[in-house]
Structures are given as structure tokens and as C-alpha cells.
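Keep the sequence and the model side by side as you read.

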Amino acid sequence: MQQPARLEGGAEMAFAGGEHGRFALLDAATGQARGTGTLPGMVMVARAAVWEGQPVIAAAGSAEPSIRGHSGFVAVLDGTGRRLSMTPLDGQVMDLAAADFDGDGTDELVAVTGAYRLILMRPSG
């Protein structure tokens with residue numbers, strides 16, 4: 001992740017990925033875990049974003065095993081590591097960007113997959 005996500009109250013969190021999809025969200029100042037969990041495979045990239053006014057972490061990578069025939073995924077996590085959404089994609093996600101493209105105050109996510117696709121995602125679907 002390029003920069004930590006800022007939670008309400010100003011605390012910053014960082015994403016730490018491990019083997020077999022395991023991850024921890026860490027308090028950037030203390031290194032203490034704020035939440036842990038498991039995603040469906042290897043995380044290749046994680047980015048801070050804002051969805052519907054809430055700071056989140058978007059994590060993406062390669063689904064192992066595949067999810068309903070899809071080899072990639074994008075997951076959105078809250079500050080405790082709770083999964084808010086999980087989207088299977090064709091092709092391993094190689095990169096991910098978060099930006100408010102339409103000016104509504106909520107970041108859209110753009111995933112770049114190994115299947116040569118750009119996928120735009122927003123909280124509303």
C-alpha cells in the first residue's frame with residue numbers, strides 16, 4: 001500500500017499480507033493489529049480508499065483456488081478487517097487504483113488484470 005488509510009479520529013492503518021491470503025490491519029503508529037482475516041488468495045496490491053464516507057482498504061490479487069471460475073479478486077475491508085465486499089475477476093489483479101473520478105466523494109476502484117482488462121468498481125455495484 002502506498003500510504004496508510006486514515007481512520008476517523010486521525011489514526012492511520014497499514015495492510016500487511018501473508019501467506020494463503022492471511023492479512024492484518026496494523027495501527028501505523030504502534031504496529032498493533034486492529035484486525036486480521038483471510039482473503040481468497042495471494043494479495044498482490046492493497047490501496048487506501050474512501051467508500052461512502054468510510055476509510056477502507058481495497059486488497060486484490062490472485063484467487064487460490066479460483067472463485068466460481070475466476071482467477072482474481074478485489075476485496076474491500078473496513079478498519080477492523082471485516083470484509084465489506086468481495087468481487088471475483090477474470091485474471092489475477094496486477095494493480096489497483098482508488099480515486100474519486102466522478103466527484104461524488106466516494107472513491108471508485110480501477111483494477112488492472114493479467115487478462116488485459118480494466119475493471120471500474122464502485123460501492124453501488
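**A tour of the fold**

The protein exposes about 6,500 Å², and carbon and sulfur atoms supply 49% of that area. Accessible areas here come from the Shrake-Rupley method with a 1.4 Å probe, and for residues only the protein chains shown count as cover. Please keep in mind that this is a predicted model, in which local features need pLDDT of at least 70 and side-chain atom pairs count only at pLDDT 80 or more, while totals for chains, interfaces and linings use all residues. Residues are numbered from 1 along each chain as its sequence is written, and side-chain values use heavy atoms, with hydrogens and water left out.

Now for the overall build. The protein has eleven strands and zero helices; helices (H or I, at least four residues) and strands (E, at least two) are DSSP runs, numbered from the N terminus. The radius of gyration is 14 Å, close to the 14 Å that the globule rule gives for 125 residues, so the protein is as compact as a globular protein of that length. That radius is taken over C-alpha atoms, and the rule is 2.2 Å times the number of residues to the power 0.38. Along the principal axes, the C-alpha atoms fill a box of roughly 40 × 35 × 20 Å. Of the 125 residues, 40% count as buried, where buried means under 20% relative accessible area, exposed over 50%, and partly exposed in between (1.4 Å probe, protein chains only).

Next, look at how the strands meet. Strands of a sheet pair through backbone hydrogen bonds, either parallel or antiparallel. Here two strands pair if DSSP finds at least two bridges between them. Four strands make an open, antiparallel sheet in the order β5-β6-β7-β8. At its edges stand β5 (41–51) and β8 (83–89), each with a single partner strand, so one side of each is left without a neighbour in the sheet. The partner of β5 in an antiparallel pairing of ten bridges is β6 (residues 54–67), and within that pairing alanine 48 sits opposite isoleucine 57.

Another antiparallel pair is β2 (residues 12–17) with β3 (residues 22–27), joined over five bridges. These two strands form a hairpin with four residues between them, and histidine 20 in the turn has a positive phi of about 55°. Glycine 17 stands opposite phenylalanine 23 in β3.

What about charged side chains? Side chains of opposite charge can pair when their charged atoms come close. A search of the whole structure finds three salt bridges, each being a side-chain nitrogen of Lys or Arg within 4 Å of a carboxyl oxygen of Asp or Glu. One of them joins arginine 47 to aspartate 95, with the closest N and O atoms 2.9 Å apart. Arginine 47 lies in β5 and aspartate 95 in β9 (residues 93–99), so this pair ties together parts that are 48 residues apart in sequence. Arginine 47 is buried at 16% relative accessible area, whereas aspartate 95 is partly exposed at 34%.

Arginine 82 and aspartate 78 also meet in a salt bridge (3.2 Å, N to O), and aspartate 78 is buried, with a relative accessible area of 8%. Finally, arginine 122 pairs with aspartate 102, their closest N and O atoms being 3.7 Å apart.
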